[in-house]
Amino acid sequence: MMRTDARPGADLTEAHELAGALRHALNQVLRGKPEPVRLATVALLSGGHLLVDDVPGVGKTLLAKTIARAAGGSFRRVQATPDLLPSELTGVSIFHLAGNEWEFRPGPLFANVVLVDELNRATPRTQSALLEAMEEHQITVDGITRPLPDPFFLVATQNPFETAGTFPLVEGQLDRFTIVTEIGAPDAGTERELLLGAGGDAALNELEPVTDPVQLAAAIAAVRTTHCAPEVADYTVAIANATRANGNIAIGASPRASLALLHAAQAHAVLEGRTYVVPDDIARLAVPVLAHRLVLRDPGRLEEARALMHSVLQTVPIPRP
Amino acid sequence: MTPGPDSQGGFPRPIIVPKAAVILELIGLALFIVARTTGAGWDIVLLCGIIAVVLTGSALPAFVLARVTIAARGPADATVGRPLPLTLSVTGRAVKIQILTFDSDWIRVDAPGTGPIVVTPQRRGVLTHLRVEVVTAAPLGLARWRRRFRVALTAPIDVAPRREPTRCPIVIGDTLTPSDTEATTNGGNDLTRGVREYVDGDPIRSVHWPATARTGTVMIRELEGPRRPHVVIIADLRGPDPELIASRAAGMADDALRHGARVDLATAEADGPRFGTVPSALHVGRRLARAVVGPPGSGSIPHGATVHHLGGVVP
Amino acid sequence: MTDPQDIIELRIATCIAVVAAAIAALQEGAATGSLWIATTVGLPVACFIGYRVRATRPLPLRMLQSIIAILILVLFVSRIGHVTDLAALQIPLAQSFLWLLVLHALDMPNRRGLLVLLVASLVLMALAGVLSISMAIAPWLVIWAFAALVSLVLAYRAELEELPALGRAAPTFDRSSVLVPLGVLVVVLAVGFAVFMVVPVAGTNRAITFPAQLPNDSPVRSNGALVNPSLGPSDPGSSNGSSKSGATSFGYFGFSDRLDTSLRGRPDDTLVMRVRASSPDFWRGQTFDQWDGRVWHLSDDTPRLVRNGEPIGVPRVPLDGPTQTAVDVDDLTQTYYLEVNGPNSIFAASEARKVYFPERSIFQNVDGTLRAGVRLDAGAIYTVVSERPLVTAATLRAPRPDTLPLDIATTYAARPITTERVRDLAHTITANAPTTYDKVLAIEAWLAANTKYSLDIPRLPKGADAVDQYVFVDRRGFCEQIGTTLVVMLRELGIPARLGVGYAPGERNPFTGLYEVKASDAHAWAEVYFPGIGWQTFDPTANVPLAGDSQLDAAGSGALSYLSARLHIPTDVLAALPILAGLITLVLAVRQLRRRPRRVAISRSWASTRLARLERLGTRRGRPRAPSETTPNFVRALGSIAHQHATDLARAGATIDAAMFAPDPPTSDECDTVDALLDAIEAEWTTRGHPEDLVPSGRAPGTRSGR
């Protein structure tokens, strides 16, 4: 099975096949939702994290579970509540009487795929601890830094309409999520299929892992080698600049946001079977990657940021030679 | 001349001179005799033309073949005796190709392009290369040349054995044992267990107290299916008919999986013995595709598992 | 998958090839009126009907075919009943063959049938080649060759088409179906020319019978006296002096009973006849024996009738030389095709032994030369088989014991009429020459060194001796002066010699293999008698090798100079062309073998122009591209307008994007695909770009306003 030749294209081909398998698996379970599935796959392959922002009952948790199952590796799930403590996420050191030493008991973040349900119900303190782990890919407890597993993919869900007893995430924290997506209610046909037993949990139970952490980590590394022409990079910068210049936007996309967009575009290119990024990758991901990072002059829902981002995109011409 | 680092194209070789060329040559000979006996200059001109056409028509296919490059890919898995759709990308025009590895039907290539070609594998194993023969007499159809390629697949194809329908008797363990739960919690990637370890944020009313009491950790109920039976199949290909053993092992593992069992498969692979769980029929096929004659791998056989030993050296 | 018999282009190309070959054969003489119509009209019509009924093949048609086939056979058999010799069989055979071809064209069930037709056309072409004596066949040959190549290419594609296609299936007939054969044709021409330069010449005519015919059914007869229609009825030479010139005809004054060397004339370049022969020689009309200082005469102009079977065997006459030569002899067959009305001399290389002549009898002069008893007009054909002693310089120098026959000595070696200083000169020049051959060479060498060849010489003054005037006064002259001088000097030395008149071999047309003899090739030369061998021709002005020295050349030798003279292109340039073509082919071949699929170097500008084309197409269809719109989005929108191209458009968009942003640009083949697609869409949208197409509406197609 091991290939002796190491072509740059070979890794990307494998990454493409893996991405396709992942997307296929997700589509099997999450019927009739190609766009959220695409974005979830992109988020996973770009080495970032995913925030699912939607009302309950549309399959947020199912999506996260499916990703975990299809990706193989370890999976942990955290139910965020106001009384959830940071140490309950990261783990604690306890004194072991028998061995007469401190023993670290890892928390639920030490898994390849972590699902945090109802993230906005955790306290800001807990949210910060979580988001720091997301950014650093490591956790420091009692002065000892411990790396998180590789790959480390965090899927969080939140309900945008639930306000009572929640602590909405601030922009700086939202920035840690590569992609924010909604799922949306299924159409009538799909819902009927769901009721009749196609997709959903039944499909999840039948799902077999399509990969394992080692392959997935290799694929994520390979995605970063995707070729990006200077013109495409310029186009990305132009989009970021357009958000900064827009009168309705208080704070535009940061350089980190541009970088995240580029990485997501690379993952999208691989998913489409290309070894290079085209402007279409950027344009298709600009809204889900950038919208949640914008700070509007009149703070509002994510919906408005999305619409604004969309109109900004219309003003940036596609690069041509 | 080689299209890629993996694909090797041999040199074009002439194979047959078709009837048309023979007829032309005969006519040329007749013309020569006629011209020599009648002194007809135009027939000499015609003869020169025919010689030139035969020469050109005989040489040109070599140049047509020299331009051909082939790339091939296929699905990761295939089964002996079942149609296997391969995708070939061929640059070249007016040639016909055949996959020698599978003795496939001839298929023509009009223009550079990619397309499917369906073959039927006859042998189990891991397929890394295709032998492809390209034949052309283009453009004049006067002489046929062939060129053979060894085309590396972009990814190897595991050709699973033909399924020999075999029933797999299963002894079903009916109680949860500590070792079962051990497997559950450490397996990690398996969500469909009856109970799982508590994670932060779980509602307190989901705690499965009896399991908590037994294991000493807080366990949470998940309202899903019953325990799966466990089957271990040892496929030892060292017998007189390795292919039959592989086929039987595949059939048996399929049967066990159909009945919802967890299946562990012990085989020998090129780089040593192998023992591991096969989650699906696909994985059964892959494992058995890679299996070679040799001592099968061993592993810890859990309590309550049904063990089937296939093949092996008959004492 | 197309059934190959459905490929109409293959049928058309084959039909063109057959018609071209048939016309070539017809115009070379295999024609009757009905056959002309049958081929030029019947063949295409038959091909068309054959195409239309290919699936059904109705029974009545097949029965009709059988009946006609039997009719043709019966006709053929009835016609060969009257034919006695094999040559005459050619024409009915060719005619029946053509009729059968027309019949076969009705019924071409498959590709093999078409190829059989193609082979038949090749046979027809070969027949035309045998019959042809001119260049008229050349354009038909070119048309035939190209159509046949197209046929071959299409037939091979049709053969492949029986297999399923991988990926995109190309149409059987497209631009490449013409371009590929064109390229092949160029290569074939270059290779063919090279082959032409090495294959031996067509060779000697060794057929059982040879062509002989007269253009008119009732020929004008004569009693064997010399008749030359272009010289007038009587005494042509002296009647009106220098104004007499042999314009536009055989009107060389040598073909007469006297040859006045004081006359001056310059014949033009009219083609007088074509001669098919395997090696060049002098085509001799007659010889002169009596010299009076100014004019040559025939001492005895009483030809004898020869009627000696068929072909006419020519008896040896005493003045002709020994009955048995001391050296080997070979036969030289010459077929003469007269292009203008000529004298009744039967031309022949010396010495004629057999004559294939349309009449049963001919006349023979005392010197052995031949005359016809009828007028020989343009279109007359006859064949002469001559026996030539194979002499070389060595055999001519070799001492021979044979004595001079008395007849020859008295007729040809008598002391000539000339001046004393000419006699002295003859002895002086040849003082050191031991043999007859060396003496001839010495005189020739002296003439070459001391006189000039010129057609522009002053008139011979009254009373002057022609030889004396040439050698001592003018020191310029042409063949008559030179030949006469040689003869007079040799006679002075006691060597038998006479003046032969006729034609130099002319230029060999390398394509037809025939010598093209022009009026200006009219010639006079010296013939010298060698005991034991016979008469041998000597001429310092025309370069004809001795029979024993001549050898077979390559067929193509002379082709370059022949073409360069007619196309007015220097030989060097012409010779460079095939060499250049060969070199280019070689370079291309090597590059082809070494290179991998071609990469487009400047792919970005390529992509830019293609995208611009797409944008123009979009604008034309009311769907312009917004500056911020990505290529995939835009082509998807176009695809929703042109559903049938949606997939191809998506692929084209991807290729364009790849050309702009991929690290390695797309292959030229992918680019070609995009271009082809753009062409197709553009053509489609220009031809039926109705506004209605823009909006998918529920209107019935019939309501669309016709243009």
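1. Start with the helix pair in chain C: α12(C) passes α14(C) in a right-handed crossing. A crossing is called right-handed if the near helix is turned clockwise from the far one by less than a right angle, and left-handed if anticlockwise. The helices involved are α12 (residues 436–450) and α14 (residues 479–492) of chain C, and their axes come within 11 Å and cross at roughly 140°. The axes are lines fitted to C-alpha atoms, for helices over the stretch in contact, and the angles run from 0 to 180 degrees between N-to-C directions. α12(C) and α14(C) are therefore oblique to each other; angles under 35 degrees count as roughly parallel, over 145 as roughly antiparallel, 65 to 115 as roughly perpendicular, and the rest as oblique. Helices (H or I, at least four residues) and strands (E, at least two) are DSSP runs, numbered from the N terminus.

2. A word on the model and its labels. This is a predicted model, where local features need pLDDT of at least 70 and side-chain atom pairs count only at pLDDT 80 or more, while totals for chains, interfaces and linings use all residues. Residues are numbered from 1 along each chain as its sequence is written, and chains are lettered from A and ligands numbered from 1 in the order in which they are written.

3. Which residues in α12(C) and α14(C) meet? From α12(C) come Val440(C), Ile443(C), Glu444(C) and Leu447(C), and they meet Ile482(C), Thr485(C), Leu486(C), Met489(C) and Leu490(C) in α14(C). Two residues are in contact if their C-beta atoms, placed from the backbone, lie within 7 Å. Sorted by class, this contact has seven nonpolar residues, one polar and one charged. Here Ala, Val, Leu, Ile, Met, Phe, Trp, Tyr, Cys and Pro count as nonpolar, Asp, Glu, Lys and Arg as charged, and the others, Gly among them, as polar.

4. Chain A has a helix pair to look at as well. α2 (residues 34–45) and α3 (residues 60–71) of chain A pack at an angle of about 50°, with axes 12 Å apart. That makes α2(A) oblique to α3(A), and their crossing is right-handed. Pro36(A), Ala40(A) and Leu44(A) in α2(A) meet Leu63(A), Ile67(A) and Ala71(A) in α3(A). The class count for this contact is six nonpolar, no polar and no charged residues.

5. Staying in chain A, strand β2 (residues 75–79) is mostly covered, with four of its five residues buried. Buried is taken as 20 or more other C-beta atoms within 10 Å of a residue's own, exposed as 12 or fewer, and partly exposed as in between, with C-beta atoms placed from the backbone. β2(A) runs parallel to strand β5 (residues 113–117) of chain A, and five bridges join them. Arg77(A) has Leu115(A) in β5(A) as its bridge partner.

6. In chain B, follow β10 (residues 145–160). Strand β9 (residues 125–136) of chain B pairs with β10(B) in the antiparallel sense over eleven bridges, and His129(B) stands opposite Ala152(B). Strand β2 (residues 13–14) of chain B is also antiparallel to β10(B), over two bridges, with Arg13(B) opposite Arg146(B). Strand β4 (residues 77–79) of chain B pairs with β10(B) in the parallel sense over three bridges; Asp77(B) has Asp158(B) as its partner there. Strands pair if DSSP finds at least two bridges between them.

7. Now the contact between chains B and C: 52 residues of chain B touch 57 residues of chain C. On the chain B side, α1 (19–38), α2 (41–66), β5 (84–91), β7 (107–109) and β8 (113–119) each supply at least two residues. α2(B) gives the largest share, 16 residues. That side divides into 34 nonpolar, twelve polar and six charged residues.

8. Between chains C and A, 17 residues of chain C are in contact with 18 of chain A. α17 (603–620), α18 (631–641) and α19 (646–661) of chain C give two or more residues each to the chain C side, and α17(C) gives the most, with five. By class, the chain C side has eight nonpolar, six polar and three charged residues.

9. Last, chain C as a whole and one residue in it. Chain C has 20 helices and 20 strands, and buried residues make up 44% of its 707 residues. Glu670(C) sits in helix α20 (residues 668–687) of chain C. Is Glu670(C) buried or exposed? Glu670(C) counts as buried because it has 21 C-beta neighbours inside 10 Å. Glu670(C) and Arg651(C) are 19 residues apart in sequence and 9.3 Å apart in space, C-alpha to C-alpha.
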